[in-house]
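Here are my notes for a first look through this one. Have the view open while you read.

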Amino acid sequence: MFFTLLKKELFVEFRSREVTLSMLVFGLSIILTFALSSNVSPTIIANYAPGMFWLMVLFVAVIGVHRTFSYEKEFDAFSMLISAPIDRGFIFLTKWISGFIFLTIMEGLILIPFFKFLMIDFPSQPWIAIGTTLLINCAIMAIASLVSGIAMRARLSEVLLPILLFPLVSPVLIAATKISGSIMVGDPYSFWKIWLLIILTVIVIFGLVGYTLFDFITEE
Amino acid sequence: MKPFFNNKTNRSGLILIAAMMLFNVWNVIMNTPMVPEQHWAQKIFYIHVPSAWVGFLSYFVVMVAGILFFMKKDDYWDLVGLAAAEIGTVFMSLVLITGPIWATPIWGKPWIWEPRLTTTLILFLIYIGYFMMRTFGGHIERVKRYAAAVGIIAFVDVPIIFVSVKFWTPEIQSHPQVEMAQQPSEILIPFLLSLSIFTLLYVLMLKYRIHVIRINSRVRANV
C-alpha cells in the first residue's frame, strides 16, 4: 500500500510537473532577487551564500508542500483517500518522501544558476556537500510535510503554513547554514559533526511524530 | 454553571495567592541582598525565572493535554490545552519583556540571541501560529485536532531549538540562573519561594481559564 501511494504521488507530479516547475521558477526568482539586492564583493557574498541558499530552499519547500497537499483538496480527493482502509501514517510518509524527491530535483536544477549568478565557487568536497544536502532536505521536508498536513484543511492554510513552519524549522535552518558554510571553506568533519547530529535528530523525531500523529490529524 | 469564585475553595485560593504574591514582591524588594555587579537589575530574576518556569510548564501541559485529547477523544482536554496555551503565552510574553529589561544594563543591549531567550521567542512565535490556527482555522472539530498536534510538535521541538541556538552562539554567556542552585541561602530561599508562588498562581489561573472557556463553549453551542 505504501508503494502504491508513493507511486500515485510521483505519477501525479511527473504527469503535470506542477510542483517541481513552480518550485524551480520561484527558486530562480529568489536567486535573482538575492543577486540584485546584494551588489557587494564575492567574498562577502560567499559568507552569506549558505544562509541565502537554505532560505531559498525553505521558501521553495513551502510552495512545494502547499501544492502537493492542496491538489488533494480538489474534488475532495483527500476525504476519499483517508476513507480508504490504509494506515494513514503512510500518507505522511509518502508525502514526505515525494516532497524530498521534488525538492532534491529542484535543487539539482537550481544549483548552477545559484553559484553562477552569485559568482561563488563550488565547494571543494562536492560529495560531502551532496550527502549533507540530501539529509537536510529530508529534515526540512519531514517538518514541512507534517505542518502542511495540519494546515492543509484549515481555512487560511496558505498563511498558516509558513507562520507555523518557519519557527519550527529554525533549528534545521541554523544547522544547514553551519554545515554548508563549513563545507564551503573546507572545515573538517569534527567542526560540523554536532550540526549533522541535530539534522539526524530532526529526521528521526519528526519522522516518528509525523507518522504517529497523522492518523489522529486526519480523522473525520 | 456557578461563577468560579462562588466556590469557597477557589475564593480562599485567590485571597491566599494574592496575599502571597504581595508578600513576594515586598520580600524581593526589601529583604533580598544586592548583587554587587547587578544592583537592582538582578531583582528582576525573582520574576523572570519563575515566569519562564510557568511558561514552559504551561506549554508542557498543552502537550500532555494534546496527547490525552487524541487518546481519550474528550473535549475537556481540548479546553485544558487551550487554557494552558493562553496562560503559557502570557507568561512567555513576561519573559520576553523582563529578559531585555535585565539585559540592557548588564550586557549593554536588550537582545544578544541568548539561547534561553531565543528558544522562548521561537516558541512564542509558534504559539502565535497556534492561536491564529484556533481563530482562523475554520471547521471547529478539525481545529481542535490541529491545535493538539501543534501543541505536541511545538514542545517536542523545544530541546532541538535550544541545543541548536546554544551551539549557534557559543560565545554568548548563559543567564546567571544556571548557578542559582549555588547561590547563598538569602538569594536561593526567596527565589524558590517566588517560584512556588508563581506555580500556585498558575494552577489557579488554569482552573479559572478552563472554567471560563467551558462556559463560553456552552454558550456558543446553545446559540
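**Notes on chain B**

1. Start at helix H4 of chain B: B:Glu114 caps its N-terminal end, with a side-chain oxygen 2.9 Å from the backbone nitrogen of B:Arg116. (Helices are DSSP runs of H or I, at least four residues, numbered from the N terminus.) After H4(B) comes B:Gly138, with a positive phi near 95°.

2. How far apart are the end C-alpha atoms of H4(B)? They are 31 Å apart, which agrees with the 32 Å that its 22 residues (115-136) should span at 1.5 Å a residue. That expected span is 1.5 Å times one less than the number of residues.

3. This is a predicted model, where local features need pLDDT of at least 70, side-chain atom pairs count only at pLDDT 80 or more, and totals for chains, interfaces and linings use all residues. Residues are numbered from 1 along each chain as its sequence is written, and side-chain values use heavy atoms, leaving out hydrogens and water.

4. On confidence, chain B has a mean pLDDT (the predictor's confidence in each residue, from 0 to 100) of 89, and 95% of its residues reach 70 or more. For the complex, the predictor gives an ipTM of 0.89 and a pTM of 0.90.

5. Have a look at B:Trp40 too, in the loop between H1 and H2 (45-72) of chain B. Is B:Trp40 buried or exposed? Exposed, at 53% relative accessible area; the cut-offs are under 20% for buried and over 50% for exposed, with partly exposed in between (1.4 Å probe, protein chains only).

Technical notes: Chains are lettered from A and ligands numbered from 1 in the order in which they are written. Helices (H or I, at least four residues) and strands (E, at least two) are DSSP runs, numbered from the N terminus. A polar contact is a pair of N or O atoms within 3.5 Å; within protein, one must be able to donate a hydrogen and the other to accept it, and residues adjacent in sequence count only if both atoms are side-chain atoms.
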